[in-house]
Amino acid sequence: MLTRRIIPCLDVKDNRVVKGINFLNLRDAGDPVELGARYSDTGADELVFLDITATIRSRKTIVELVEKVAENVFIPFTVGGGIQTVEQMDELLRSGAEKVSVNTAAVQNPNLLTEAAQRFGNQCVVLAIDARRSKERAGKWQVCVKAGSEPTDIDVVEWAVKSEKLGAGEILLTSMDADGTKAGYDNELNRAVTDAVNIPVIASGGAGTLEHLYDAIVNGGADAVLMASITHFENYTIKQIKEYLRDKGVPVNL
Amino acid sequence: MIVVIDYNVGNVKSVCNAFRYIGCEVKLSCAPEVVENATGIVLPGVAAFGYAVSALGPLAALIKEVALGGKPLLGICVGYQMLFEQSSEYGRHNGLGLLSGNVVPIPAGRVIPHMGWNLVKLNEEMDLFAGLGSEKHFYFAHSFYADVTDSQAKVAFTDYGFELPASVQKGNIYGMQFHPEKSSKAGLKVLQNFYDTCKRKSLEC
């Protein structure tokens, strides 16, 4: 049986891992290569590296970082942040990333998902969605772009369904309302999306306790859970997380 | 020396990194003389099937020839799928035909792609699973799978709501649907076993 995945997320800025609250107030969490290798050795299922500056200068840095990470990490990892073209994806995949995630560029040019899937296979193509609860429409979420700074009129569930048809092989779903709060994932959001699509969904934003991870899987229907603060600052080890989930009947790779 | 075929698709570097990590001399190349002189060949692949086949081009014939001549060949993911006869991913494409069977979509009714760590029931008669026990988790990421019809092939399966072929061996031809280079300690052991097999075969020659 396929296991549920535990995925630490490393937000990278100026070659350091950082972590913020609601996408702001960044705090240093260490060296990305060291932290990545530590997670690889201690039983994480996968890693996500997000270049949160995503400037032209940082693009070169992130390729070099991916190369270094790939020499030390023997679990899959996804790279995202500011990726605009199939050529940039190719460079990152050839540098050692298993998957690439796109966000703003896919909203601006949805065809990018199709081009990428036809070239790399859809299992390489992760659509990242930054979701914010709509103030106007109850029970709906709106897609935000440019690192969450710009809300759009696009409905999150509709965009998720469309992206699957276009070629996305996985959705990294971040609740901007919950991100960094450690108050739990937005499982209404997770459930709305996991019920609507047939590709794997990674729940992101809000992990604070072991129960939150369990809830995202069982109540949110998530195939994988992303976390940062609770593992970076060593509140919990990956082993503790997996033992907890296993004891509650969730299949994990332990 | 093991050659990892460089044909302009993703993840080739990860495969090289993993072999280097276990102390194996590895060369990333598409030069025919390197392929001929290598003790073993690895055909990696993160790509759509059609793109991978056309990127491989005329090298396909050489790989087939040396594999039929007895040199160990390991196909990974799409590189494994290409060992079969045909795939229906984004159109119809012919593979190398070293193994009987076709590459078809994973049946609907489950989450697709099949992505993540799944438990493989290891066939202990298969060379590359030596020392790994009866079952281990490996990392998968694919939407198509090889429907193996080759009666001479040994097959190891994983459960994804149906018996999904996870790995195949037919003599010196090895294939894995999962990614050993991304499957942590168990994956590195598989690659170590391939490396050992290549060393043993080259001493026999």
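I looked up A:Val12 and found its bridge partner in β4(A), A:Asp51. Strands here are DSSP runs of E of at least two residues, helices are runs of H or I of at least four, and both are numbered from the N terminus. Two strands pair if DSSP finds at least two bridges between them. The model is predicted, so I kept its limits in mind: local features need pLDDT of at least 70, side-chain atom pairs count only at pLDDT 80 or more, and totals for chains, interfaces and linings use all residues. Residues are numbered from 1 along each chain as its sequence is written, while chains are lettered from A and ligands numbered from 1 in the order in which they are written.

**Strand β1 of chain A**

I followed β1(A) to β4(A), residues 47–51. The two run parallel, joined by four bridges. On β12(A), residues 224–227, I found another parallel pairing with β1(A), over four bridges. There A:Pro8 has A:Met227 as its bridge partner. Is β1(A) mostly covered or mostly open? It is mostly covered, with eight of its nine residues, 5–13, buried. Buried means 20 or more other C-beta atoms within 10 Å of the residue's own; exposed means 12 or fewer, and partly exposed is in between, with C-beta atoms placed from the backbone.

**A:Arg119**

Why does A:Arg119 count as buried? Because it has 23 C-beta neighbours inside 10 Å. I then listed its contacts (C-beta atoms, placed from the backbone, within 7 Å). Leaving aside neighbours within four places in sequence, they are A:Val86, B:Ala47, B:Ala48 and B:Tyr51.

**Where the chains touch**

I noted 29 residues from chain A and 34 residues from chain B in the contact. On the chain A side, α2 (56–72), α3 (86–95) and α5 each give two or more residues. That side divides into eleven nonpolar, ten polar and eight charged residues. Nonpolar covers Ala, Val, Leu, Ile, Met, Phe, Trp, Tyr, Cys and Pro; charged covers Asp, Glu, Lys and Arg; the others, Gly among them, are polar. I also checked α3(A): its buried residues are A:Met89, A:Leu92, A:Leu93, A:Arg94 and A:Ser95. Just after α3(A), A:Gly96 takes a positive phi of about 130 degrees.

**The sheet of chain B**

I traced an open sheet of nine strands with mixed pairing, in the order β2-β1-β3-β4-β13-β12-β11-β8-β9. Which strands are at the edges? They are β2 (26–29) and β9 (135–142), each pairing on one side only. Inside the sheet, β12(B), residues 163–170, and β13(B), residues 173–176, pair in the antiparallel sense over four bridges. B:Gln169 stands opposite B:Tyr174 in β13(B).

**Two helices of chain B**

I compared the directions of α1(B), residues 12–21, and α6(B), residues 184–204, which pack at about 75 degrees with axes 10 Å apart. Axes are lines fitted to C-alpha atoms, for helices over the stretch in contact, and angles run from 0 to 180 degrees between N-to-C directions. The two helices are therefore roughly perpendicular. That word covers 65 to 115 degrees; under 35 is roughly parallel, over 145 roughly antiparallel, and the rest oblique. The contact uses B:Ala18, B:Phe19 and B:Tyr21 of α1(B) and B:Leu188, B:Leu191 and B:Tyr195 of α6(B). I sorted these residues as six nonpolar, no polar and no charged.

Technical notes:
Two residues are in contact if their C-beta atoms, placed from the backbone, lie within 7 Å.
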